[in-house]
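Good morning, colleagues. Please look at the next display, and then let us turn to its pockets.

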Amino acid sequence: MGTLKAKIIGTGSYLPKRVLSNQDLEKIVETTDDWIVTRTGMKERRIAREDEFTSDMGADAARAALDDAGMSAEEIDFILVATMTPDYMCPSTSCLIQKAIGATKAASMDVGAACTGFLYVLATAKAFVETGLAKNVLVIASEKLSSITDYQDRATCVLFGDGASACIVSAAKERKGLELSGITLGCDGGQADILVIPAGGCRQPASNETVENRQHYVKMEGKEVFKHAVRRMESACKECLELAELQEQDISWLIPHQANIRIIDAMAKRFKHLPPDRIFKTVHKYGNTSASSVGIALDELLKQESLQKGERILLTAFGGGLTWGAAVLTSTGDV
Ligand code: UT7
């Protein structure tokens with residue numbers, strides 16, 4: 001049991017077709033393309049159709065990951081979904097995806113860790129396959145953030161976009177992939193109130209008043225969140241590299257959470273040996289897709305580049321909770 005090593009053997013992602021540009025946002029709230037680009041690096045983001053939900057996008061990303069791994073849905077024995085925009089409070093979105101893709105043999109559950117969700121489900125998948133509790137885990141992050149975004153609040157509505165990402169985590173010895181060489185997670189619940197959706201849970205169940213007060217939308221103290229973001233991702237990366245007994249120089253790609261180009265650039269400064277094109281970015285075209293963000297970037301990176309055996313990718317994310325994490329992925333060849 002102790003010799004099982006978790007690796008990612010397939011990835012997929014899904015982005016809705018509809019594009020919401022900065023110019024479109026200029027018509028909705030008092031903002032400018034220049035403000036959004038300068039302060040966030042975002043030019044456009046994707047928005048799901050009214051009849052397209054978190055489970056639909058998650059299922060599409062899952063099908064792409066299964067296809068990439070050359071695997072059928074029936075070979076999956078566990079489905080993990082990271083989301084802060086589930087289809088329902090109950091049942092979990094993972095159950096809906098299980099049905100949609102026909103993964104009839106899979107147990108399933110959702111995990112809530114806001115923008116760090118992909119790393120939290122990746123860590124859970126690693127634990128399950130390395131202890132032999134599961135063989136093939138389908139890891140999904142999917143967000144319909146447009147459903148919790150207040151398009152009257154210019155401080156938040158310019159930031160968020162919809163999308164989904166997925167990967168298959170397996171310990172199968174004969175499969176090549178990206179070995180999960182180290183993962184670290186963290187949380188500071190003392191900062192829970194700086195990024196919150198106040199109503200809809202048991203503290204403030206839906207009422208006419210909560211709807212009138214727009215309490216079902218995400219509220220964020222952007223500046224406060226910003227302050228913690230770089231510090232927490234930086235320390236998570238350091239901790240993760242130590243855990244994997246690696247140095248910064250051992251990393252060939254960095255994928256930070258795509259929340260703001262200024263946060264990404266600040267992270268890039270900490271990895272001076274990496275040329276700018278080795279800091280992978282999607283923030284300009286998809287905005288902040290919360291839990292899905294690093295998974296979408298990982299899928300795009302793997303579709304664009306062929307990694308040599310031994311090359312390493314460092315993923316790091318940060319979000320509401322507050323939560324944060326980092327993971328080192330090592331190519332075992334043919335990725
Ligand atoms: O994924 C979860 C983690 N989330 C994050 O990491 C987000 C972290 N925070 C941020 O990325 C940034 O704080 C924001 C992009 C949200 C905001 O940037 P900022 O440089 O911190 O701006 P600010 O909130 O301090 O606002 C500066 C000014 C304010 O006007 P005054 O008070 O200086 O007159 C805002 O009212 O910009 C104004 N403002 C806008 N102006 C035009 C805020 N939003 C907009 C807007 N268009 N969309």
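How many nonpolar, polar and charged residues does the lining of the largest pocket have? By class, there are 16 nonpolar, eleven polar and three charged residues. Ala, Val, Leu, Ile, Met, Phe, Trp, Tyr, Cys and Pro count as nonpolar, Asp, Glu, Lys and Arg as charged, and the others, Gly among them, as polar.

This is a predicted model, where local features need pLDDT of at least 70, side-chain atom pairs count only at pLDDT 80 or more, and totals for chains, interfaces and linings use all residues. Residues are numbered from 1 along each chain as its sequence is written, and side-chain values use heavy atoms, without hydrogens and water.

A pocket is an open set of points on a 1 Å grid over the protein atoms alone, where a 1.4 Å probe fits, with protein on both sides within 12 Å along at least five of seven lines; lining residues have an atom within 4 Å of a point.

The largest pocket holds about 970 Å³, a volume being the space filled by probe spheres set on the points, which are joined across faces, edges and corners. Its lining comprises 30 residues, with Met84, Thr85, Pro86, Met89 and Ile197 closest to the centre. Because domain 1 (7-175) and domain 2 (179-331) both contribute lining residues, this pocket lies between them; the bounds come from an automatic or database domain assignment.

The second largest pocket has a volume of about 590 Å³. Among its 30 lining residues, Leu159, Met220, Gly222, Phe226 and Asn260 lie nearest the centre. Its lining divides into 20 nonpolar, seven polar and three charged residues.
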